[in-house]
Amino acid sequence: MGRSVGKIWLPILLLLLLESGRASNNLIGLGSYDITGPAADVNMMGYANMDQVASGVHFRLRARAFIVAEPQGKRVLFVNLDACMASQLVTIKVLERLKVRYGDLYTEKNVAISGIHTHAGPGGYLQYIVYIITSLGFVRQSFDALVDGIEQTIIQAHNNIRPGSVYVNKGELLDAGINRSPSAYLNNPAAERSNYKYDVDKEMTLLKFVDNEWGPVGSFNWFATHGTSMGRTNALISGDNKGAAARFMEDWFDQKNGGSISSDVSEPNRIPRRVSNIIPIVNDNHHELLEIAASFESLSGKPTTRFLSLSRRVRRVLRQADRTKFVSAFCQTNCGDVSPNVLGAFCIDTGIPCDFNHSTCDGKNELCYGRGPGYPDEFESTRIIGQRQFKKAVELFSAASEKLNGKIDYIHTYVDFSNLDVTIPKEGGGTTTVKTCPAAMGFAFAAGTTDGPGAFDFKQGDDQGNAFWRLIRNLLKTPTKEQADCQQPKPILLDTGEMKQPYDWAPSILPVQILRIGQIVILSVPGEFTTMAGRRLRDAVKKALTSGSSKEFGNNTHVVIAGLTNTYSQYVTTYEEYQTQRYEGASTLYGPHTLSAYIQVFQKLATALITGKPVEPGPQPPDLLDKQISLLTPVVMDATPFGTQFGDVRADVPKNATFKRGANVTVTFWSACPRNDLMTEGTFALVEILRGKGSWEPAYDDDDLCLRFIWSRPSKLSTRSYGTVQWIVPQTATAGVYRIRHFGASKSLLGTIKHFKGTSSAFVVA
């Protein structure tokens, strides 16, 4: 009898031991929150175009975070922002809030905050003057939206911490980026270039987060391509191609998890559409649908509460009470010279390719523009590049099998890059010591890039400058001879590192950080590394980690760069690329040896990470919040014409209208300035579908790429404004009766904020 019992229990015990071996020893937590800033009056961050002012929403911006922790040990926190870049001031204030809430659990050492580099988000949230000139100084509302949203994201991730595992996978994505400065890349040594098949990095690295009980709960990936599918004249807030990819993947998982859509991403042009699967068809009889639609005329604008905008969001319908929302982030890496405008750069007047070395057309840089795959439609280019990243991410996510095992660790220091001694090899052997320089921007910086050219007579590849612009420069600050020599061959246009009035124009103290999760190492860099600069940094760190006597890191070590993280200090090129002085070289602030300085610092950090030896914290970056200047005028008041109310329909859909899929349905409402309420976690625009004969269900909101909210004034100083909602009916939209709604908030002369809603007449989609 005893032997029989033993035979029964032995395999059970073995299975239990095997399962316990497979179970993760780590804890994981993910979170996501709305960080959409002011959708009116604020200059967009990225192109430095004074005329590019936010006037609506393409789709909303989010912060997404993951935490990986040892149960009784260290943890790391990574936050990805649908923003142009991280900000030192934002990072400082987020860390202050985390200190109050969690003590020393989350500090500058183990927290990384990174931007995807969209050029379609509100600016004014950085603390250094050169980055907030075009936004008319500091914009408190932009800043607060980020700090508040990041904090809420981290709270979610922290509260969601549960036992789980992380898996890594990598693969090539060939058609989502090209080199926009190939002449600079070709200046790198031929022997080095021969080691690589492409002149940009084509590899995507993805982390898959799996809850022990719930299964997959999220993914974060890094891939190099600029957030410039939306051009320099776009006025709608947008997460650009990476924000779009994140929307697609989160929707894909929601529908796949509900069992209502195939997970086969090989289907061409397949973008997941949740609504058609949660809203049943009302009736497929066209005449009956028209009769039903005719009975729902537009409604007068009515007062409402802010809660209605939040409660009608489509994604709230999909939220599951018993588990966390799936979170997917598409993070940025060494994108410095990588453009999503993959058709190449052409002259807009002649249609011929731009000059190879200078990206000009008949000597003028203003006419040279890169073309995305949806040219001339920037919205379509955004969708296509986003879809390509999404499809590759799904492929890697579905096949991820390499589990991250080993330590959770981190190391961080602050470094003054304005005067750093750097040891570099000499030709013929030995070493020599060189220095970095105080920050400065070259003439070619003002030329812009093929993604967004500058103005006047600047051009890329300019290593001389000209007398007129030197005269203008000298009115601000004349560079010293020492600075000019240090920055050679860069002709200095703005000597930002030595400009201190009314406060610092550019950073000098930068955060440098390594996060470790088992065999993956994340290098947090505060700028945009070019392709070859990123390759050199990754190789140097991997060599430092794997070549010592320690056996902690092996050949399966994955090193990934998280670009635009914790603060922003523009570009980092190789020494050879710097010599050509294209835009990226002219924007490499600390001189020709900037990359060598980064490699030296990161190698020291990597060595310290292995040995466990502490590193000096370094000099603290300044907190310049109290010195910020803002010239952006506040909203004084909103008004409507006599006899009308906020939310009234100004231009309705045609009577008895029927729209086909692909059609543009447009309704305009009397509105108010979106700065009165950002509608955080809510929506300005909504498409509803009739369910049965009296119940309207949310179908699309301003988190969907097919729905655009466009805000405008009849004149610049007018108190009146319009809110236009455009719905490009998706091919996957369900036939039925629809209507369009608008939510907003008005401000009285006394400063009172009142929320309102507007509703269009119903119409048919057939």
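In strand E36, Gly723 is the bridge partner of Phe669, and the strands named here are DSSP runs of at least two residues, labelled E and numbered from the N terminus. This is a predicted model, in which local features need pLDDT of at least 70 and side-chain atom pairs count only at pLDDT 80 or more, while totals for chains, interfaces and linings use all residues. Residues are numbered from 1 along each chain as its sequence is written, and side-chain values use heavy atoms, with hydrogens and water left out.

**The seven-stranded sheet**

- An open sheet of seven strands runs in the order E7-E2-E3-E35-E36-E32-E30, with antiparallel pairing, where two strands pair if DSSP finds at least two bridges between them.
- Strand E7 (121–122) and E30 stand at the edges with a single partner strand each, so one side of each is left without a neighbour in the sheet.
- Strand E32 (residues 664–671) is joined to strand E36 (residues 721–728) by eight bridges, and the two run antiparallel.
- E32 is also joined by two bridges to strand E30 (residues 649–651), again in an antiparallel arrangement, and here Val649 has Phe669 of E32 as its bridge partner.
- Six of the eight residues of E32 are buried, so that the strand is mostly covered; buried means under 20% relative accessible area, exposed means over 50%, and partly exposed lies in between (1.4 Å probe, protein chains only).
- Strand E35 (residues 707–712) is joined to E36 by six bridges and runs antiparallel to it, with Leu707 standing opposite Trp727 in E36.

**The annotated site at Ser339**

- An unreviewed UniProt entry places the feature "active site" at Ser339; UniProt positions are given in the numbering used here, feature names are shortened, and annotations may be inferred rather than shown by experiment.
- Ser339 lies in strand E14 (residues 338–339), and it counts as buried because its relative accessibility is 2%.
- Leaving aside neighbours within four places in sequence, Ser339 is in contact (heavy atoms within 4.5 Å) with Ala176, Gly177, Ile178, Arg180, Thr225, His226 and Asp451.

**A nonpolar surface patch**

- Met50, Leu136, Ile629 and Leu631 form a nonpolar patch on the surface, and together they have about 370 Å² of accessible area, by the Shrake-Rupley method with a 1.4 Å probe, where for residues only the protein chains shown count as cover.
- Patches are made of residues with over 30% relative accessible area and no salt bridge, like charges being joined within 9 Å and nonpolar side chains (Val, Leu, Ile, Met, Phe, Trp, Tyr) within 5 Å; a salt bridge is a side-chain nitrogen of Lys or Arg within 4 Å of a carboxyl oxygen of Asp or Glu.
- Met50 lies in the loop between strand E2 (40–45) and strand E3 (53–57), and it counts as partly exposed because its relative accessibility is 45%.

Definitions and conventions
Helix = DSSP H or I, 4+ residues; strand = E, 2+ residues; numbered from the N terminus.
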